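Subject: Structure handover

Hi,

Here is the structure we discussed. My notes follow it.

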Amino acid sequence: MPLQLPADIASRSTPFYLYDLTLLRQTLTALQAAARPRDFHVHYALKANANAEILALIREHGLGADCVSGGEVQRALDTGFAPQDIVFAGVGKSDAEINLALAADIWCFNAESVEELVVLNELAGAQNRRARVALRLNPNVDAHTHHYITTGLEANKFGISVSELAAVIELLSTLHNLELVGLHAHIGSQITNLTVFADLSQKLNEIQDWLSDRGIMLPHLNVGGGLGIDYQRPEENPIPDFEAYFRMFEENLVRRPGQQVHVELGRAVVAQCGTLISRVLYVKRSQQTNFAILDAGMTELIRPALYGSYHLIQNLTSQGSRQIYDVVGPICESSDTFGREVALPETNRGDLIALRSAGAYGEVMASNYNLREKAPAVYVG
Ligand code: LLP
């Protein structure tokens, strides 16, 4: 699907985030078509993109909200997500954030440590409430993805170690303001080899067997997010293979009678509908390298600088013969580079440049370093 541009693009100032709402709707429809018949419930991970316009569409398609801060819980409520469709995860929830979520009576807290359970119990008691909790377990499953976005290994800070489970269950029997409703696990992000979800399923099966032996059946199971997208070919392959993803769980995860299974996807929902549009400020030709210097930088899209991530770069203006450029931003950091040795049609000052697949972890990770202003969002479709 070629990039759809706003009609008035020539007169728009850059950079800006361009969102294709038609593609987002198609993605959401495909997602629900794969999830619903299999009775999977999807919570959208707001951390990927918390833009209110996008959230409104996501809510309309019947997804819940997976939040990791008080700000995200508030944004989900403000966008009209029902409290019973909101979960709150995160390794470091502050008292104020917990209190906000308790007062809103959200569906569930995904607790990540023993100390958090104790605090949650205290704060719930002070509000005369009983908080529903799921235990985020660290399943020690290797997601084989970038080490910065692997989260399910013992070495990562996330979740409660499975070896602690017995002690935690015992502790919970003394925390009367908490109701244990589920288990939660999330092993990492941008996962394209789906067999790791089978590994996760096996681990969860074993844990559930262990719980069953102790007479414990939990009504909810949350297997996290992490489904990856095709950064290389966003136009040919804009919608992730949700069927294959859910099939992997359907075939490997043993669901207990009456148990609800949740996934919490972020990137797979929103990445492909977003593009960062920028203009070339200067082309600097040096002996070794031609630099195409954009008016967008790591302040708008930090993924290449932070993780060395690949984003497809397209010149939307030029049809010239291909030349090789390092495509860089204006920020005073050498890591402010979107791509090295990129083949682009001959590129000149004023050309429009698209950085594709930027809908997830793009706008939300923007900063105002160098006192830059936030890039606006523009919608088509
Ligand atoms: N659930 C939990 C507990 C998570 O930590 C995450 C992402 C998700 C769900 C959603 O994962 P997704 O479906 O989007 O893969 N900034 C990085 C990605 C960080 C992901 C953090 N956790 C990036 O730009 O690649």
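This is a predicted model: local features need pLDDT of at least 70, side-chain atom pairs count only at pLDDT 80 or more; totals for chains, interfaces and linings use all residues.

Helices H3 and H4 are roughly parallel (an angle under 35 degrees), because of how their axes cross. H3 covers residues 70–78 and H4 residues 95–104; the axes come within 9 Å and cross at roughly 25°. Axes are lines fitted to C-alpha atoms over the stretch in contact, with angles from 0 to 180 degrees between N-to-C directions.

Residues are numbered from 1 along each chain as its sequence is written.

On the H3 side, Gly70, Val73, Gln74 and Leu77 meet Ala96, Glu97, Leu100, Ala101 and Ala104 of H4. Contact means C-beta atoms, placed from the backbone, within 7 Å.

H4 also packs on H5 (residues 114–126), at about 50° with axes 10 Å apart. Asp95, Ile98, Asn99 and Leu102 of H4 touch Val119, Leu120, Leu123 and Ala124 of H5.

Now the ligand. Of the 22 residues around it, Ser189, Gly225, Gly266, Arg267 and Tyr361 come nearest. Near means a C-beta atom, placed from the backbone, within 6 Å. Strand E10 (260–265), helix H9 (267–270) and helix H10 (303–307) each supply at least two shell residues. Domain 1 (21–270) and domain 2 (272–380) both contribute to the shell, so the ligand lies between them. Those bounds come from an automatic or database domain assignment.

Best wishes

Methods. Helices (H or I, at least four residues) and strands (E, at least two) are DSSP runs, numbered from the N terminus. Angles under 35 degrees count as roughly parallel, over 145 as roughly antiparallel, 65 to 115 as roughly perpendicular and the rest as oblique. Two residues are in contact if their C-beta atoms, placed from the backbone, lie within 7 Å.
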